[in-house]
Amino acid sequence: MNNQHDLSYKLLFSEPRVVRDLLTGFVKEEWIDRLDLDSLEKVSSTFVTDDLRDREGDVIWRVRFGDEWVYVYLLIEFQSTVDPFMALRIMTYVGLLYQELVKQKKLTQDGKLPPVLPIVLYNGEKRWNAALNVAELVQPVPGGLEHYRPDLPYLLLDEGAIVTSEQWSEETRNVVSAIFRLEHHRDQQDAIDLIGLLVQWLQAPEQTQLRRHFVLWIRRVLLPSWVPESEGAEWQSLNDLNEVHNMLAERAKQWPEQWKQQGLEEGRQEGRQEGEENHARQVAQKMLERTAMDDQMISELSGLDIEQVRKLRDELKQ
């Protein structure tokens with residue numbers, strides 16, 4: 001995932017409302033009900049190892065659990081591809097966190113290390129198939145050596161699997177569910193409707209910064225594939241979520257025709273060089289690369305058969 005995309009996610013998950021919705025909406029475990037979510041507190045995410053190599057970590061929060069603090073470790077380097085050794089990375093990050101807590105003497109009242117919840121958020125198209133526990137990465141050896149194999153699982157949230165699950169409810173008033181749905185929106189209108197819901201949910205004055213962070217994320221993640229180049233500068237100057245929603249609702253109706261004309265013109269120029277038989281495919285490819293239009297609309301605008309559009313989309317993902 002590109003750096004701007006990643007940074008905008010970190011901003012979103014640096015907001016208490018987002019972390020609260022992540023925990024209550026997606027961690028289906030009994031202990032969540034015992035958390036004092038009003039005590040959510042963001043902590044430093046810079047780890048310094050003994051050899052002085054700095055690692056700027058991801059977003060780390062802590063929250064009260066009875067009389068103790070529970071450290072909730074969130075890996076917000078959103079994975080867009082499957083990392084077969086993610087479990088090993090998680091073990092390393094948790095170890096670095098524990099080293100820092102020992103150094104700062106932030107232990108429990110009994111002098112023990114506090115619990116840590118490692119979470120991986122994955123937004124790729126293919127379903128996650130990497131090991132969910134570092135133990136799965138270690139070759140078992142019979143005779144007792146397996147007793148020393150490290151054992152550390154992490155919680156995986158595979159966005160694509162979540163939003164396509166039969167148990168998924170689109171009625172959930174949860175900003176993290178809105179993020180997941182925006183990442184995997186069906187079409188532009190679906191995304192515009194979701195942004196409209198966010199406008200309603202985040203009206204309170206104390207949500208001002210979160211609204212701005214959503215605008216930044218929308219500008220960096222969604223709009224580059226939607227907005228014609230001629231309008232890019234205008235959109236990048238927006239900072240108000242309601243204004244973004246209103247402009248999207250108005251302008252999105254005009255974009256299909258603009259993309260069609262741009263695609264047709266570029267397709268004609270390239271078609272003269274490569275042959276008219278590739279014209280429709282070139283138009284469809286540009287729309288797939290530069291817009292968020294669905295396959296049906298691209299088929300209608302380009303003249304390419306919808307099955308060909310689907311095949312072309314699959315080719316471009318590879």
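**Notebook: helix packing in a predicted model**

I began with helix α11 (residues 279-290) and helix α12 (residues 295-302), which pack at an angle of about 145° with their axes 9 Å apart. I noted that axes are lines fitted to C-alpha atoms, for helices over the stretch in contact, and that angles run from 0 to 180 degrees between N-to-C directions. Helices here are DSSP runs (H or I, at least four residues) and strands are runs of E (at least two), numbered from the N terminus.

Before going on, I recorded that the model is predicted, that local features need pLDDT of at least 70, that side-chain atom pairs count only at pLDDT 80 or more, and that totals for chains, interfaces and linings use all residues. Residues are numbered from 1 along each chain as its sequence is written, and side-chain values use heavy atoms, with hydrogens and water left out.

**Entry: α11 and α12**

I found the crossing of α11 and α12 to be right-handed; a crossing has this hand if the near helix is turned clockwise from the far one by less than a right angle, and is left-handed if anticlockwise. A280, V283, A284, M287 and L288 of α11 meet D295, I298, L301 and S302 of α12, where contact means heavy atoms within 4.5 Å. I sorted the residues of this contact into 7 nonpolar, 1 polar and 1 charged. Nonpolar covers Ala, Val, Leu, Ile, Met, Phe, Trp, Tyr, Cys and Pro; charged covers Asp, Glu, Lys and Arg; the others, Gly among them, are polar.

**Entry: α6 and α9**

I next looked up helix α6 (residues 188-201) and helix α9 (residues 241-251), whose axes lie 9 Å apart at an angle of about 155°. α6 is therefore roughly antiparallel to α9; angles over 145 degrees count as roughly antiparallel, under 35 as roughly parallel, 65 to 115 as roughly perpendicular and the rest as oblique. The crossing of α6 and α9 is left-handed. On the α6 side I listed I192, I195, G196, L198 and V199, which meet L241, N242, H245, L248 and A249 of α9. This contact holds 7 nonpolar, 3 polar and no charged residues.

I then followed V199, which lies in α6. V199 is buried, with a relative accessible area of 15% (buried means under 20%, exposed over 50%, partly exposed in between, with a 1.4 Å probe and protein chains only). Leaving aside residues up to four places away in sequence, V199 touches L241, N242 and H245.

**Entry: α5 and α7**

I saw that the axes of helix α5 (residues 175-183) and helix α7 (residues 208-222) come within 12 Å and cross at roughly 15°. α5 and α7 are therefore roughly parallel to each other. V175, I179, L182 and E183 of α5 make the contact with F214, W217, V221 and L222 of α7. By class, I counted 7 nonpolar, no polar and 1 charged residues there.

**Entry: buried and exposed**

Which residues of α2 are buried? I found R17, V18, V19, D21, L22, L23, G25 and F26. Since 8 of the 11 residues of helix α2 (residues 16-26) are buried, α2 is largely enclosed by the rest of the structure.

K105 lies in the loop between α3 (86-103) and β6 (116-122). I noted that K105 is exposed, with a relative accessible area of 73%, and that its phi is near 60°, a positive value in a residue other than glycine. Most residues other than glycine have a negative phi.

**Entry: whole chain**

Buried residues make up 49% of its 318 residues.
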